[in-house]
Amino acid sequence: MDGTDRHGRCRLSGARPEPEAGTDPTTRPAPGSRRAYWHRNLTYVGILLGVWFVVSYGFGILLVDQLNTIRIGGFQLGFWFAQQGSIYVFVILIFVYVRLMNRLDHSFDVDEQDDSA
């Protein structure tokens with residue numbers, strides 16, 4: 001007997017033994033790193049949503065009168081943010097999120113790798 005039950009869990013703690021690093025390509029990161037990965041992901045989402053909120057609600061609604069004193073291309077800046085600026089910022093934030101997540105995936109070694117080469 002090796003100290004595990006028929007499901008591969010340790011009899012004393014109930015946890016499965018971790019496979020050796022590099023032996024199985026389908027292994028997941030350790031639980032602590034999963035928590036750190038998720039925490040950083042939620043941090044990114046929170047910051048990006050905060051930026052979008054400030055641009056769409058703050059610039060488009062709350063600060064519209066102050067921004068309307070500035071004209072760009074014949075349009076008042078507050079009107080522009082309310083009509084189009086928040087949409088442009090949202091699209092830019094999508095690309096920023098993709099880039100941040102690709103870096104995060106790479107740093108936690110869970111990135112998608114191209115096996116076609």
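Predicted model: local features only at pLDDT ≥ 70, side-chain atom pairs only at ≥ 80, totals over all residues.

User: Thanks! And what about phenylalanine 79, how is that one classed?

Analyst: Phenylalanine 79 is partly exposed, with a relative accessible area of 42%.

User: How do the rings of phenylalanine 75 and phenylalanine 79 sit relative to each other?

Analyst: Their centres are 6.4 Å apart and their planes meet at 20 degrees, so this pair is stacked. The cut-off for stacked is under 30 degrees.

User: Nice. How many aromatic pairs are there in the whole structure?

Analyst: A search of the whole structure turns up seven. Take tryptophan 52 and phenylalanine 90: with ring centres 4.5 Å apart and planes at 35 degrees, the pair is tilted.

User: Where in the chain do tryptophan 52 and phenylalanine 90 come from?

Analyst: From distant parts of it: tryptophan 52 belongs to helix α1 and phenylalanine 90 to helix α3, 38 residues apart. Tryptophan 52 is partly exposed at 30% relative accessibility, and phenylalanine 90 is partly exposed too, at 35%.

User: Which residues make up an aromatic cluster?

Analyst: One cluster is formed by Phe59, Trp80, Phe81 and Tyr88.

User: Switching to the surface: which residues make the nonpolar patch?

Analyst: The patch covers about 720 Å² and consists of Leu49, Trp52, Ile87, Phe90, Val91, Ile94, Phe95 and Val98.

User: Let's zoom out. What pattern does the protein follow along the sequence?

Analyst: Reading along the sequence you get α-α-β-β-α, with three helices and two strands.

User: And how much of the protein is buried?

Analyst: Of its 117 residues, 19% count as buried. The accessible surface comes to about 9,400 Å², and 61% of that belongs to carbon and sulfur atoms.

User: Last one: what share of the contacts between residues at least 6 apart in sequence join residues at least 24 apart?

Analyst: That share is 48%. The link between tryptophan 52 and phenylalanine 90, 38 residues apart, is a handy one to look at on your screen.

Conventions: Residues numbered from 1 in each chain as written. Heavy atoms only, no water. Patch = residues over 30% accessible without salt bridge, like charges linked within 9 Å, V, L, I, M, F, W, Y side chains within 5 Å. Areas by Shrake-Rupley, 256 points an atom, 1.4 Å probe, with all protein chains shown as cover. Salt bridge = Lys/Arg side-chain N within 4 Å of Asp/Glu carboxyl O. Phe/Tyr/Trp six-rings, centres within 6.5 Å; stacked < 30°, edge-to-face > 60°. Helix = DSSP H or I, 4+ residues; strand = E, 2+ residues; numbered from the N terminus. Buried < 20%, exposed > 50% of the residue type's maximum accessible area, 1.4 Å probe, protein only. Contact = heavy atoms within 4.5 Å.
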